[in-house]
Amino acid sequence: MIPPTMQTTIFTAPGRVEVRTIPMPEPTDRQVLVQVKACAICTWEQRFYKGSKPEDYPFRGGHEASGVVVAKGPNALCDAQVGDPVCLEIMVRCGQCHYCRRGMDNLCLNDRGGALPGQPWGPGGMSDYVLVDDYMVYRALGGQDFAELALAEPVSCVARGIRRTPLAFGDTAVVQGAGVMGLLHLQLLSRRGVRVIVAEPDPIRRGHAAALGAACAVDPLSDDLVKCVHGHTDGRGAEAVFFTAGGVPAIRSAIPALAKGGWLMLYGSVHPKGDLPVDPNDIHYRELNITGTFSHDKESFREAVALLNERLVDVAPFISERVPFPQVDYAMQRAMAMDTYRVVVEFA
Ligand SMILES: [Zn+2]
Ligand SMILES: [Zn+2]
């Protein structure tokens, strides 16, 4: 039975998060109602909790969610049936804007749309139920942990950045940072036959990188990254560097670590932002590719769900703590702590 109301998490101001009871929406047309089972807390939600721009509030948070289909609108195109477990690609992709039509739906101009009537904007995954459009629903095979299925979203973001580089078997890549995103890069790159060198100042996190198969884990603050990379590549450098953390100093140190024709992929954003002086002749003569990747697109989300369904990626080590809903304030505080990877809010 679907209850007449649902509970949803609203970020109202910096450091303020509350759970509100709102009417249960009914799926119409191509919508799908999902009972949420798990919602992981990403750096995006952390930014709202820490303090974002005033116009960002109030915000209905939670974009890494999994659950079970409980009702489908009459025209929903969705292979998941009522009762099936699903991963949710919960960010709005309008399908109509210039970027959606160019196959860059990760850059959709309308990604802040889709709010429930009378409710603030935001994906709203940190709720016991969520109303989504059919294209957001990806069927899981079943038998998996819902907390792991909720991590399809970060896996899809990583898959997209890697797909944009032309890495070949036997290539070498550097991953900067050994947080969740860095370690996901390590796993996915290793699957592609790429040797990975991880740069991470924290010795415990370097240990995790070594345990997950890094060829080498260096401390960027005391070790010479370029020397290490050259040592592994006959002095050529890495075919790609994936920046996930470390700010402008890390990005600056990445450029000399690249081989000719190499790719620098800015996966992470930099807060506060800084200037990045780059020698144009270095880009010209060495044919460097300096670019970024933002969010996920439909193809990378499909890849992520396939990786989880086929158990080709192991996200279990990244789940540090499970917090029962509605303890969202405690969950946010734990998510911000340095000793946690992903904190996952779980629903009954
Ligand atoms: Zn995320
Ligand atoms: Zn769009």
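Reader: Starting with α4 and α5, which residues in α4 meet which ones in α5?
Author: In this predicted model, Pro-154, Val-155, Val-158, Ala-159 and Ile-162 are the residues that α4 brings to the contact, and on the α5 side they meet Val-180, Met-181, Leu-184, His-185, Leu-188 and Leu-189. Sorted by class, the contact of α4 with α5 has 10 nonpolar residues, one polar residue and no charged residues.

Reader: And at roughly what angle do the axes of α4 and α5 cross?
Author: The two axes cross at roughly 55° and come within 10 Å of each other, and that angle makes α4 oblique to α5. As for handedness, the crossing in which α4 passes α5 is right-handed.

Reader: What about α10, how do the axes of α4 and α10 cross?
Author: Helix α4, residues 152-163, and helix α10, residues 298-309, have axes that come within 8 Å and cross at roughly 120°. The pair is therefore oblique as well, since α4 and α10 fall into that class, and α4 passes α10 in a right-handed crossing.

Reader: Which residues meet there, and what classes do they belong to?
Author: From α4 the residues are Ala-152, Val-155, Ser-156, Ala-159, Arg-160 and Arg-163, and from α10 they are Ser-300, Phe-301, Glu-303, Ala-304, Val-305, Leu-307 and Leu-308. By class, the contact of α4 with α10 has eight nonpolar, two polar and three charged residues. Val-155 and Ala-159 are on the α4 list for α10, and they are also on the α4 list for α5.

Reader: Changing topic to α6, which of its residues are buried?
Author: In helix α6, which covers residues 203-211, the buried residues are Arg-205, His-208 and Ala-209. They lie on the same side of α6, because the arc they cover around the axis is only 100°.

Reader: What do those buried residues pack against, and what is on the face turned away?
Author: The buried residues of α6 pack against α5 (180-191), β10 (195-199) and β11 (216-218). On the face turned away from that buried side, α6 carries the exposed residues Pro-203, Ile-204 and Ala-211. Just after the helix comes Gly-213, which takes a positive phi of about 105°.

Reader: Then α8, which residues are buried there and what covers them?
Author: Ala-250, Ile-251 and Ala-254 are buried in helix α8, which spans residues 247-254. These residues are on the same side of α8, because they cover an arc of only 100° around its axis. The elements that cover them include β9 (172-176), β12 (238-243) and β13 (258-266).

Reader: What does Ala-331 touch?
Author: Leaving out residues up to four places away in sequence, Ala-331 touches Ile-41, Val-323, Val-343 and Val-345. Ile-41 is 290 residues from Ala-331 in sequence, although their C-alpha atoms are 8.1 Å apart in space.

Reader: Last topic, what is the phi of Glu-287, and where is that residue?
Author: Glu-287 has a phi near 50°, which is a positive value in a residue other than glycine, and this residue is found in the loop between α9 and β14 (289-292). Glu-287 counts as exposed because it has 12 C-beta neighbours inside 10 Å.

Reader: And what about Ser-295, what is its phi?
Author: The phi of Ser-295 is near 60°, again a positive value in a residue other than glycine, and Ser-295 has its place in the loop between β14 and α10. With 19 C-beta neighbours inside 10 Å, Ser-295 counts as partly exposed.

Conventions. Residues numbered from 1 in each chain as written. Chains lettered and ligands numbered in written order. Predicted model: local features only at pLDDT ≥ 70, side-chain atom pairs only at ≥ 80, totals over all residues. Axes fitted to C-alpha atoms, helices over the stretch in contact; angles between N-to-C directions. Helix = DSSP H or I, 4+ residues; strand = E, 2+ residues; numbered from the N terminus. Parallel < 35°, antiparallel > 145°, perpendicular 65-115°, else oblique. Left-handed = near helix turned anticlockwise from the far one by under 90°. Contact = placed C-beta atoms within 7 Å. Nonpolar A, V, L, I, M, F, W, Y, C, P; charged D, E, K, R; others polar. Buried ≥ 20, exposed ≤ 12 C-beta atoms within 10 Å, placed from the backbone. Arc of directions from axis to C-beta.
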